[in-house]
Amino acid sequence: MEEIVMRVLAINGSARKDGNTALLINTVFEELNKEGIETEMVQLSGKIMEPCKACWACSGKKNCVHKKDQFQEIFEKMTQADGIILGSPVYTANMSANMQALLERASVVTDMNRSENLFAHKVGAAVTAARRGGALSALDSMNHFFMPQNMFVVGSSYWPMAYGQMPGDVQSDGEGLETMRNLGRNMAYLLKALDERRRKF
């Protein structure tokens, strides 16, 4: 039987490239890589993600009126991945503006092309880095993307968050890092269980 390589795409919505959010994602990646799952991180830092204009041109999936940002490239990666990790620092008790714009447009595209089931039965997880408050609101907002897509959301031993303000600070949050490791192990378990079921049926 041909071996199928599973892939997880992470989208880092932080304005800081390789900051605390990237460190948390990489901690999850370490556990996924141990299980032979390929990983890739897309960082939105330095990019501008245009907001949805509600023009419904995306009923053709690739007809979005915004042509100069990276949405289509990232969206295609999302549709090809077996699992998706969304990561964002807490900005005003929510996810970053770039992440919000990306997910709003992705949601509209999938809704306009509902019959294709673009994300059905993929595995999703969200992580966040917080200076102090707002982490649960940010996680909740990101998880709202997964729910209407018929995706499976992964849990951990605690909410997948860690504390840190300056880049690197999250490395001092031992419980937060262990939560990320457990999230990675759980995600690998679910991906492999789903893959086994697909092979049987």
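Is E31 buried or exposed? I looked this up and E31 counts as buried, at 7% relative accessibility (buried is under 20% relative accessible area, exposed over 50%, partly exposed in between, with a 1.4 Å probe and protein chains only).

**Ground rules.** I am working from a predicted model, in which local features need pLDDT of at least 70 and side-chain atom pairs count only at pLDDT 80 or more, while totals for chains, interfaces and linings use all residues. Residues are numbered from 1 along each chain as its sequence is written, and side-chain values use heavy atoms, with hydrogens and water left out.

**Salt bridges.** I searched the whole structure and found 11 salt bridges (a side-chain nitrogen of Lys or Arg within 4 Å of a carboxyl oxygen of Asp or Glu). I looked at E31 again: E31 pairs with R185, with 3.7 Å between the closest N and O atoms. This pair links distant parts of the chain, with E31 in helix α1 and R185 in helix α5 (residues 174-200), 154 residues apart. Helices (H or I, at least four residues) and strands (E, at least two) are DSSP runs, numbered from the N terminus. R185 is partly exposed, at 35%. I noted that E31 and R185 belong to a network of salt bridges that also links K34, E178 and R181.

I then checked E35, which forms a salt bridge with K192, the closest N and O atoms being 3.0 Å apart. E35 sits in the loop between α1 and β2, and K192 is in helix α5, 157 residues apart. E35 is partly exposed at 40%, and K192 is partly exposed at 34%.

My last pair was R7 with E38, at 3.2 Å from N to O. R7 lies in strand β1 (residues 7-12) and E38 in strand β2 (residues 38-43), 31 residues apart.

**Aromatic pairs.** My search of the whole structure gave five aromatic pairs (rings of Phe, Tyr and Trp, the last by its six-membered ring, with centres within 6.5 Å; planes under 30 degrees apart are stacked, over 60 edge-to-face, the rest tilted). I recorded F71 and F75 as stacked, because their ring centres are 5.4 Å apart and their planes are at 25°. The two are four residues apart in helix α2 (residues 71-80), so about one helical turn separates them. F71 is buried at 1%, and F75 is buried at 0%. I also found that F71 and F75 form one aromatic cluster with F119, F145 and F146.

I found three cavities of 30 Å³ or more. On a 1 Å grid over the protein atoms alone, a cavity is a set of points where a 1.4 Å probe fits but cannot get out, and a pocket is an open set with protein on both sides within 12 Å along at least five of seven lines; lining residues have an atom within 4 Å of a point. Grid points are joined across faces, edges and corners, and a volume is the space filled by probe spheres set on the points. The largest cavity holds about 100 Å³. I listed 14 lining residues for the largest cavity, with C52, C55, C58, C64 and R105 nearest its centre.

The largest pocket has a volume of about 190 Å³. I counted 14 residues in its lining, and R16, N20, P89, G164 and Q165 are the closest to its centre. Helix α1 gives the most to the lining of the largest pocket, three residues.
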